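Please keep the structure in view while reading.

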Protein chains: 4
Amino acid sequence: MMNDEPIIPSSRIEAFSDGVIAIIITIMVFDLKIQGIPDDKNVWRELAGLLPKILSYAASFVMIAIMWVNHHQLFHQIHRTDRKLLWYNLHLLFWMSLIPFAANFIGANPLLWQASFVYGILFALNALAFSYLRTYTVFTGLLHEAINLEQHYKIRRKNKVAISIYLSAAVLSMVSVYIAFVLFLVVPAMYFIPEKIIHKQS
Amino acid sequence: MMNDEPIIPSSRIEAFSDGVIAIIITIMVFDLKIQGIPDDKNVWRELAGLLPKILSYAASFVMIAIMWVNHHQLFHQIHRTDRKLLWYNLHLLFWMSLIPFAANFIGANPLLWQASFVYGILFALNALAFSYLRTYTVFTGLLHEAINLEQHYKIRRKNKVAISIYLSAAVLSMVSVYIAFVLFLVVPAMYFIPEKIIHKQS
Amino acid sequence: MMNDEPIIPSSRIEAFSDGVIAIIITIMVFDLKIQGIPDDKNVWRELAGLLPKILSYAASFVMIAIMWVNHHQLFHQIHRTDRKLLWYNLHLLFWMSLIPFAANFIGANPLLWQASFVYGILFALNALAFSYLRTYTVFTGLLHEAINLEQHYKIRRKNKVAISIYLSAAVLSMVSVYIAFVLFLVVPAMYFIPEKIIHKQS
Amino acid sequence: MMNDEPIIPSSRIEAFSDGVIAIIITIMVFDLKIQGIPDDKNVWRELAGLLPKILSYAASFVMIAIMWVNHHQLFHQIHRTDRKLLWYNLHLLFWMSLIPFAANFIGANPLLWQASFVYGILFALNALAFSYLRTYTVFTGLLHEAINLEQHYKIRRKNKVAISIYLSAAVLSMVSVYIAFVLFLVVPAMYFIPEKIIHKQS
């Protein structure tokens with residue numbers, strides 16, 4: 001390992017990531033719009049027509065929120081950064097930034113299997129990118145020494161399960177989009193509570 | 001209370017929340033647009049047609065600003081964070097992120113009672129989510145010890161009044177949207193000045 | 001002066017303001033769009049048609065940038081904050097957040113005097129809001145003690161000149177929009193270099 | 001060199017720049033939209049039609065990411081700031097903020113040489129603005145003293161090459177847009193790894 005590089009604090013990486021994630025999670029709401037001026041009779045129908053978009057927004061919000069919580073927790077443990085970490089993080093942000101596209105696609109076309117397919121593949125890529133980021137930080141010694149690695153092995157296993165579920169959802173959407181919808185809910189449920197950090201000496 | 005978790009500083013939660021709230025409060029302005037190229041004769045009429053949107057923007061801006069000020073003040077008192085706090089905060093941000101949708105709906109259809117209904121319900125949910133966040137932080141001992149809890153009980157009572165007013169506005173919009181409009185103005189007026197923090201020893 | 005309030009650091013106000021200003025200054029670019037698919041013959045004409053929008057974007061960018069630099073410099077001198085400062089700052093951000101609307105209006109309708117009128121009035125309100133913010137911080141003793149107030153009197157005079165120029169531009173746009181355009185360029189030129197902070201003892 | 005100015009920390013400049021860059025890099029994704037409701041037959045064709053936009057998004061994302069990494073690295077070395085640095089930085093942000101416009105233009109009209117022309121010119125201006133910022137910081141003594149200037153001379157040479165390539169791409173797009181596309185890929189490849197900072201004493 002080369003040690004002649006200065007230790008760049010992780011604070012600016014976190015601030016930039018927070019900015020990008022804040023934008024991603026928020027501006028999806030701009031697809032929620034009632035076109036034209038409804039009258040008293042068709043307004044509930046128009047609102048009901050937004051329901052798939054609202055559900056897609058809520059589901060995507062929860063998944064991005066989970067990723068942010070885990071990102072928060074991972075970077076909280078990072079002791080020093082390097083150039084490659086910047087790029088692993090930017091790689092994750094790239095796939096995250098495509099979530100509004102997939103959320104809009106599935107929200108506008110909930111029964112089209114291709115929409116669930118794209119949604120599943122994209123989240124599998126996101127989980128994979130997060131997994132790369134975590135593996136790099138853990139195995140290059142960027143974490144505080146006191147952090148128990150056992151914990152990270154457990155998260156890695158969980159992460160592999162998540163990737164498998166997303167890929168299965170993508171494939172099974174050809175059979176029925178409802179199977180995909182159920183699988184999309186399994187991962188957030190599984191991830192909802194981020195793993196505890198176990199300090200060696202405490 | 002479990003004490004084996006590391007104390008995560010509240011700064012990144014605040015930074016992320018600030019990012020999300022900054023986006024929510026700002027991009028609503030993008031609904032303020034004059035369609036097409038008006039000529040010298042109809043331009044004032046076009047601008048006047050924007051008035052409900054501008055009023056809805058201004059009212060929503062003020063309400064989000066109040067929430068930010070209170071969020072600012074609450075987090076300023078927080079001594080330590082935990083996972084659940086992250087989720088109570090994300091839960092609040094979710095409901096806040098829907099405000100641009102409701103503001104657009106009521107701005108485009110000011111006389112439609114359903115718009116006021118949706119607007120009232122959404123703000124009641126926002127006030128409820130803020131109340132959950134506050135209650136959790138106060139009763140789980142996340143605040144600095146020197147903070148006087150008496151103050152928080154007073155805010156909680158005020159918060160319950162706000163929720164009742166928003167729900168009343170939603171229901172009464174069926175009678176007249178103007179009653180709802182007046183009630184929507186009562187809460188900001190009531191909340192305008194955030195509660196003072198009383199330190200036990202000072 | 002009441003001293004029982006805790007000293008809230010200015011960092012979160014700055015961070016939130018930076019977020020809002022970053023969004024305002026950036027998303028105006030989204031009005032720069034070539035509609036439809038131009039062919040080889042009409043593409044330059046389409047790009048030329050964007051010129052008023054690009055100029056309006058550039059001018060608004062510079063004016064917001066000047067406001068940010070001055071905001072930066074003012075808050076750098078602030079020693080302590082209070083509730084009213086939050087609201088003076090939010091008041092400024094409200095008027096700043098309307099700049100994209102005015103920039104879009106004048107960019108799409110450069111020769112309509114009403115567009116220059118709205119643009120001029122809005123910038124006068126922005127300069128006024130900034131002036132209120134500055135006056136409050138200076139005269140409520142929120143600044144570091146070492147800051148020379150002489151400097152702030154000079155800036156206030158300059159600020160009054162700016163407000164007069166913007167109002168004149170608004171009024172004179174009824175005579176000719178080109179007079180207004182020239183006046184809109186005078187203020188940035190005048191403000192370009194922020195005032196130097198003079199420390200009493202140095 | 002005038003020393004009567006207070007040393008403004010670079011943190012707020014970085015935070016504001018991060019906000020602006022986060023918005024620029026993220027909201028380009030909003031051009032990725034499938035118009036209308038496709039049916040099972042034409043959905044792949046619609047998605048394939050998005051390919052140029054997705055490639056333009058990905059390429060622009062990578063280029064902005066490189067600029068952010070280099071910005072990060074440059075500001076990490078900055079010891080003190082001054083007013084001119086603020087403006088050199090805002091000048092860079094102005095040209096960066098136009099990238100979504102050029103990315104949208106080339107994504108919607110990939111085979112139009114004018115789109116590649118505009119894209120090439122804009123990136124040349126961005127590289128030039130970054131070069132100005134770097135030269136100013138290096139030669140006005142804003143860096144930490146321990147930083148080896150040799151490194152910056154090397155980066156400047158690389159920067160000149162990048163500007164030449166972008167200008168060549170713009171000109172050669174008149175011959176063939178495919179030549180321009182290849183040249184657009186050369187610069188990121190060349191810049192991908194930011195230059196190492198060499199500390200004099202280490």
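## Copies and surfaces

The copies meet through different surfaces, because only 15% of the interface residues of chain B are also interface residues in chain A. Two residues count as in contact if their C-beta atoms, placed from the backbone, lie within 7 Å.

This is a predicted model: local features need pLDDT of at least 70, side-chain atom pairs count only at pLDDT 80 or more, and totals for chains, interfaces and linings use all residues. Residues are numbered from 1 along each chain as its sequence is written, while chains are lettered from A and ligands numbered from 1 in the order in which they are written.

## Symmetry

Two copies of a chain are related by a rotation about an axis and a shift along it. Here, a rotation of 90° with 0.0 Å of shift along its axis places chain B on chain A, with RMSD 0.0 Å. That is the relation of a four-fold axis. In chain B, G19(B) has the C-alpha nearest the axis, 4.2 Å from it. The superposition is by least squares on the C-alpha atoms of residues with pLDDT of at least 70 in both copies.

## Interface of chains B and A

Chain B puts 26 residues in contact with 30 residues of chain A. On the side of chain B that touches chain A, helix 1 (11–27), helix 4 (83–97) and helix 5 (99–108) of chain B each give two or more residues. Helices (H or I, at least four residues) and strands (E, at least two) are DSSP runs, numbered from the N terminus. Helix 1 of chain B gives the most, with 8 residues.

By class, this side of chain B has 17 nonpolar, 5 polar and 4 charged residues. Ala, Val, Leu, Ile, Met, Phe, Trp, Tyr, Cys and Pro count as nonpolar; Asp, Glu, Lys and Arg count as charged; the others, Gly among them, count as polar.

## Interface of chains C and D

This contact takes 30 residues from chain C and 26 residues from chain D. Helix 1 (11–27), helix 2 (43–49) and helix 3 (51–76) of chain C each supply at least two residues of the side that touches chain D. Helix 1 of chain C gives the most, with 9 residues. The side of chain C that touches chain D divides into 19 nonpolar, 6 polar and 5 charged residues.

## Helix packing

In chain A, helix 4 (residues 83–97) and helix 6 (residues 113–139) pack at about 165°, with their axes 9 Å apart. Axes are lines fitted to C-alpha atoms, for helices over the stretch in contact, and angles run from 0 to 180 degrees between N-to-C directions. Helix 4 and helix 6 of chain A are therefore roughly antiparallel. Angles under 35 degrees count as roughly parallel, over 145 as roughly antiparallel, 65 to 115 as roughly perpendicular and the rest as oblique. Residues of helix 4 of chain A, including Y88(A) and W95(A), meet residues of helix 6 of chain A, including F130(A) and Y136(A). The contact of these two helices has 12 nonpolar, 4 polar and 1 charged residues.

In chain D, helix 3 (residues 51–76) and helix 6 (residues 113–139) pack at about 5°, with axes 12 Å apart. That makes helix 3 of chain D roughly parallel to helix 6 of chain D. Among the residues that meet are M63(D) and M67(D) in helix 3, and F123(D) and R134(D) in helix 6.
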